[in-house]
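Work through the exercises below with the structure open. Each task is followed by a solution in steps.

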Amino acid sequence: MDVIRIIFSILLPPLGVFLQVGIGAQFWINILLTLCGYVPGIIHAIYIIVTRD
């Protein structure tokens, strides 16, 4: 399942975070990072997916 989340994170970073943690602080942080720049949003999303169980 993590592979699917990572693929979604590359295409649309907030979607990958949403699938991992739902709507919460990390989701909103990821939206802000994605708006500031696409790459920071991807890095944050992959970090959240890899570190959360």
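This is a predicted model: local features need pLDDT of at least 70, side-chain atom pairs count only at pLDDT 80 or more; totals for chains, interfaces and linings use all residues.

**Exercise 1. The aromatic cluster**

Task: Determine how many aromatic pairs the structure holds, and classify the geometry of the rings of Phe18 and Phe27.

Solution. 
- Count the pairs. The structure holds 2.
- A pair of aromatic rings is described by the distance of the centres and the angle of the planes.
- Apply them to Phe18 and Phe27. The ring centres are 6.0 Å apart and the planes stand at 65°. The cut-off for edge-to-face is over 60 degrees, so the Phe18–Phe27 pair is edge-to-face.
- Apply them to Phe27 and Trp28. The values are 5.2 Å centre to centre and 75° between the planes, and this pair is edge-to-face.
- Join the pairs. Phe18, Phe27 and Trp28 form one aromatic cluster.
- Phe27 has a relative accessible area of 12% and is buried. Phe18 has 37% and is partly exposed.

**Exercise 2. The surroundings of Ser9**

Task: Is Ser9 buried or exposed, and which residues does Ser9 touch?

Solution. 
- Locate the residue. Ser9 lies in helix α1, residues 2–11.
- Read its accessibility. The relative accessible area of Ser9 is 0%. Buried means under 20%, so Ser9 is buried.
- List its contacts, leaving out residues up to four places away in sequence. Ser9 touches Gly16, Ile42, Ala45, Ile46 and Ile49.
- Compare sequence and space for one pair. Ser9 and Leu19 are 10 residues apart in sequence, and their C-alpha atoms are 9.6 Å apart.

**Exercise 3. The whole chain**

Task: Describe the fold elements of the chain, then test its radius of gyration against that of a compact globule.

Solution. 
- Count the elements. The chain has 4 helices and 0 strands. From the N terminus on, the order is α-α-α-α.
- A compact globule of 53 residues would have a value near 10 Å. The chain has 9 Å, which agrees.
- Take the extents. The C-alpha trace spans about 30 × 20 × 15 Å along its principal axes.
- Check burial. Of the 53 residues, 34% count as buried.
- Check contact range. Among contacts between residues at least 6 apart in sequence, 48% join residues at least 24 apart.
- Finish with the surface. The chain exposes about 3400 Å², and carbon and sulfur atoms supply 77% of it.

How values were computed: Residues are numbered from 1 along each chain as its sequence is written. Side-chain values use heavy atoms; hydrogens and water are left out. Helices (H or I, at least four residues) and strands (E, at least two) are DSSP runs, numbered from the N terminus. Buried means under 20% relative accessible area, exposed over 50%, partly exposed in between (1.4 Å probe, protein chains only). Contact means heavy atoms within 4.5 Å. The radius of gyration is taken over C-alpha atoms; the globule rule is 2.2 Å times the number of residues to the power 0.38. Accessible areas come from the Shrake-Rupley method with a 1.4 Å probe; for residues, only the protein chains shown count as cover. Rings of Phe, Tyr and Trp (its six-membered ring) pair if their centres lie within 6.5 Å; planes under 30 degrees apart count as stacked, over 60 as edge-to-face and the rest as tilted.
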